[in-house]
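Please read them with the structure open.

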Amino acid sequence: MIDVTNHGVYLLNGREVVGADDPRVGGVSPEKARKGTIAYSVLSSHNTSKSENDLKIKFDSLVSHDITYVGIIQTARASGLRKFPVRYSMTNCHNSLCAVGGTINEDDHIFGLSAAKKYGGVYVPANQAVIHQFARETMTGCGKMILGSDSHTRYGAMGTMGIGEGGPELVKQLLSNTYDIKAPQVVLVYLKNKPRKGIGPHDVALALCKAVFKDALVTNKVLEFVGPGVRNLPMDFRIGIDVMTTETACLSSIWETDETVRNFYINHGRSEEYRQLHPADIAYYDGLVTIDLEKIESMIALPFHPSNAYTIHELQADPIGIFRQVEENAKAQFGDKVDFRLTDKVVDGKIMVDQGVIAGCSGGMFDSICGAADILDGGSTGDGYFSLSIYPSSVPVDLALIRNGVQARLLESGAVFKPSFCGPCFGAGDVPGNNCLSIRHTTRNFPNREGSKPGDGQLAAVALVDALSIAATARNKGVLTAATDIDYNARTYAYTFDGSVYDKRVYNGFGKADESVQLRLGPNITDWPKMYKLEDNLLVKLASVIHDDVTTTDELIPSGETSSYRSNPLKLSEFALSRRDPQYVLRSKAIAETEKARRDGKKPAELMEVLSKVCGDPEKEIGRTQFGSCVFAKKPGDGSAREQAASCQKVLGGFANICYEFATKRYRSNCINWGILPFTIDKSRKFDYSDGDYVFVPGIREKIRNGEETFPAKVITADGRTEDITLYVRGLTDDERAIILEGCLMNYYKSQSKQ
């Protein structure tokens, strides 16, 4: 289905892949031919620096949802924000279920509207659209760039480079600063042939995740989709693949454009946003992924990652063996806290599913829902344990489904329609029962991403499946079924976008900032606590040591109902690592209390004892040595862009992460922007330390200021032993060094305003 080439290739005339030895390359160097990629042309047009390697990007527009925009605006406001300099759209698609926490969710929505009026923004009321569909419908344009505070900010299929980052990166843009990165490598994704009947975009996306994620083949790179197979894909199909590129850990994506894209913009009343995007006659790519669309099969991604994918036929051939492996993985991760079972879903050789969900920015698309209706046409989901819920991605999509009769046909089958809401993607909607198996056309299936609480003995299984195979399963009353295995009448549906509801409900205030408007602050909306500059030395105590291969942001700060407290930093921090290491918060608070005593001029016995082992004069050094908590994880930060994964650590007194590598650029950036030292260690070095051990880094402030990247340090174990360790902080920009020295991004901006 998919072949991966992990070395550079040339693309000739946008169609033929060749090696450097092909005479038609004509000796054109990789450095020169890299400029022939679409990605290069888009990035360079937004780069404000004079360097082709050290990019300083200014985006055309910004987009956030209601888990992130309050914190972003509060941070920007504390840093001197007067008005939004670019279009900033705020959707309300993540915490639309306002019962959790009383009034606090709606209070945040009211705050958002008041901020749009005050600073000149776009405000999208709850249930009108999920964040990325609204951006597709109203914000994209060929050759444009959009920055979003959500990891699935991907609009490459529309010729727009979307990048998902933590809130502080949006704050920089709101304060007219830049997004600073090294020029990323670009990987060619070459599509050929045409998908078979019954194959949907999630099937292609899951196969892609499986092919590249494990070996980090495209991490922090740009995926560029080109090839004869592109023209065989409808727009929604392209979008469905594109949005899932986030799960490969790539930085962004871009597709060549054609008449299908032109018609998309015409249909959405924005024909001026279309232009052709194609690689140059000779373009060089740093890798190649070839996807033969004709060979893609119906796929299923089992817990606990989209890359844990199999064909449905592979799973049906060995369900007990494959499910048992998932159970063992759960056991290794959660221990005896939960009794997780999947093997009992195999009944008489068939796999029984409890729930189906088609939702959000990946599944709630017009074509996917219409395809599901064709498969279920005249059928029934049954009156057993299986249920099917459908969340269209926007009200315009919902209106089209009502007008063409698709919604009625699906309702007649037993499916239930719900509003435009991201809840099933992050654990705040359609939470399945304990030990139930839910198949979902959504973006993620991380642990407790479906809303369960392992700490309370709960765990459910989410498997990612395309809408077509979900409908086929529903037609068979919950027996897992590949859409390619059934006969159905696949119709062709014309989609007409009707944006009149946006004209009536969306507040479009860009360019209309009104300083006289007062922000409406609910009781849960609080300012950030005081954060302190980095001092001369750093002493951290390990508050959590995690040896999983990958640690997701959902484990660092759980999503779902906890996100209701996103506007109250202290309250939200109480949930940090709560579903992975419940003692982390208590340990961190104790460390923070000791640091408070030190700042108050006291000499805590704990610190004096530790410092006596690593420096000659603890009486002198205690006043120069900052004390905080630290998390070790092998590879932290896969998944969501939410900066709370880092800010909650900082609010609790965290000053460092130690790891072998960061899973994503965005999580590392979040750590830096919150003044958390992003330490790495050599992969060959075994990290066999435990909660309660200390790490002392002398001279940290001077070394960061001087641009040093290697930090000799001492580990002091809980039983009093000392060992040498070498830490690294590589590749900091000048601004990033300044942010760390000042203690966080807000402090950095405050220091600039005083100059």
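This is a predicted model: local features need pLDDT of at least 70, side-chain atom pairs count only at pLDDT 80 or more; totals for chains, interfaces and linings use all residues.

1. K197 lies over the face of Y488, at 4.7 Å from the ring centre.

2. On aromatic pairs, a search of the whole structure finds 20 of them. One of these is formed by F84 and Y119, whose rings are tilted, with 5.5 Å centre to centre and 40° between the planes. This pair links distant parts of the chain, since F84 belongs to the loop between helix 3 (69-78) and strand 6 (87-91), while Y119 belongs to helix 4 (residues 104-119), and the two are 35 residues apart. Both F84 and Y119 are buried.

3. Why is the pair of F264 and Y265 described as edge-to-face? The ring centres of F264 and Y265 are 5.4 Å apart and their planes stand at 85°, which is over the 60 degrees that the term requires, so the pair is edge-to-face. F264 and Y265 are both buried. Elsewhere, ring pairs join F632, Y660, F687 and Y689 into a cluster.

4. Turning to the nonpolar cores, the largest has 173 residues, and those with the most contacts inside it are Y88, L191, I291, F340, L388 and L410. Helix 13 (residues 366-376) supplies the largest share of this core, seven residues. Apart from this core lies another, of 41 residues, with I546, L611, C648 and C744 among them. As general background, nonpolar side chains in soluble globular proteins tend to be buried together.

5. Strand 2 pairs in the antiparallel sense with strand 14 (residues 282-285) over four bridges, and L12 stands opposite I282 in strand 14. Strand 2 also pairs in the antiparallel sense with strand 3 (residues 16-18), over three bridges, where V17 is the bridge partner of L11. Strand 2 and strand 3 form a hairpin with three residues between them, and N13 in the turn has a positive phi of about 55°.

6. Which residues of helix 27 (residues 734-742) are buried? They are E736, R737, I739, I740, L741 and E742. Just after helix 27, G743 takes a positive phi of about 110°.

7. My last point concerns N657, which has its place in strand 30 (residues 654-659). With a relative accessible area of 2%, under the 20% cut-off, N657 counts as buried. Its side chain makes a polar contact of 2.8 Å with the side chain of Q649. Not counting residues up to four places away in sequence, N657 touches C630, V631, Q649, F662, Y667, C671, I676, L677, P678 and F679. One of these, P678, is 21 residues from N657 along the chain, yet the C-alpha atoms of the two are separated by 5.3 Å.

How values were computed
Residues are numbered from 1 along each chain as its sequence is written. Side-chain values use heavy atoms; hydrogens and water are left out. A nonpolar core is a set of buried Ala, Val, Leu, Ile, Met, Phe, Trp, Tyr and Cys residues joined through side-chain atoms within 4.5 Å. Buried means under 20% relative accessible area, exposed over 50%, partly exposed in between (1.4 Å probe, protein chains only). Rings of Phe, Tyr and Trp (its six-membered ring) pair if their centres lie within 6.5 Å; planes under 30 degrees apart count as stacked, over 60 as edge-to-face and the rest as tilted. A charge sits over a ring if NZ of Lys or CZ of Arg is within 6 Å of the ring centre and within 35 degrees of the ring normal. Two strands pair if DSSP finds at least two bridges between them. Contact means heavy atoms within 4.5 Å. A polar contact is a pair of N or O atoms within 3.5 Å; within protein, one must be able to donate a hydrogen and the other to accept it, and residues adjacent in sequence count only if both atoms are side-chain atoms.
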